[in-house]
Amino acid sequence: MSEIEEGRVLRTRWTPGPAVDATGAVLVAVTAFRADRARDLPGIYRAGMRLRDAWPDLTGAVGMWLWTTPLSRRCGSVSVWRDQDALRQFVAWPDHVVIMKRYRRRGRLTSTTWTTERCEPSVIWREARQHLAER
């Protein structure tokens, strides 16, 4: 059984974005990074927190959590977007690109996305945990 399944995942509080009041379908993106070395986790955490600090200004961002299971050297995000274009803008955002380049060879990244009919954070988190437990 994984740390995710056992409930030993740590996560930040829900951070709303400027599109938090969006109605209708939203896009959910779940990322999971497994660091090769535990000593990289503090830097990855700080980088994630810097991105989170900018969250309220990101066009199309509905909300997000950062998460980690430190004992297994895993961390990532569960983010909710107004649409695919908003997610693409974030992925191409220079601050995000710099972080990805810095850490991409220091572990393995997986991600998945899906669309849901409305933004219900508790339902989204529950489904995201299922995806993370499978990885």
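Contact here means heavy atoms within 4.5 Å. This is a predicted model, where local features need pLDDT of at least 70, side-chain atom pairs count only at pLDDT 80 or more, and totals for chains, interfaces and linings use all residues. Residues are numbered from 1 along each chain as its sequence is written, and side-chain values use heavy atoms, with hydrogens and water left out.

Let's start with the helices. F90, V91 and A92 in α2 touch P94, H96 and V97 in α3. Sorted by type, the residues of that contact come out as five nonpolar, one polar and no charged. Helix α2 covers residues 84-92 and helix α3 residues 94-103, and they pack at an angle of about 60° with their axes 5 Å apart. That makes α2 oblique to α3 (angles under 35 degrees count as roughly parallel, over 145 as roughly antiparallel, 65 to 115 as roughly perpendicular, the rest as oblique).

Now for strand β4, residues 61-69. It's mostly covered, with nine of its nine residues buried, meaning under 20% relative accessible area with a 1.4 Å probe, protein chains only. Strands count as paired if DSSP finds at least two bridges between them. Here is how β4 pairs up:

| Partner of β4 | Sense | Bridges |
|---|---|---|
| β1 (residues 10-11) | antiparallel | two bridges |
| β2 (residues 15-16) | antiparallel | two bridges |
| β5 (residues 74-81) | antiparallel | eight bridges |

W67 in β4 sits opposite R11 and also stands opposite G76 in β5. Elsewhere in β4, M64 is the bridge partner of T15. The hairpin of β4 and β5 has four residues between the strands, and R73 there takes a positive phi near 60°.

How values were computed. Axes fitted to C-alpha atoms, helices over the stretch in contact; angles between N-to-C directions. Nonpolar A, V, L, I, M, F, W, Y, C, P; charged D, E, K, R; others polar. Buried < 20%, exposed > 50% of the residue type's maximum accessible area, 1.4 Å probe, protein only.
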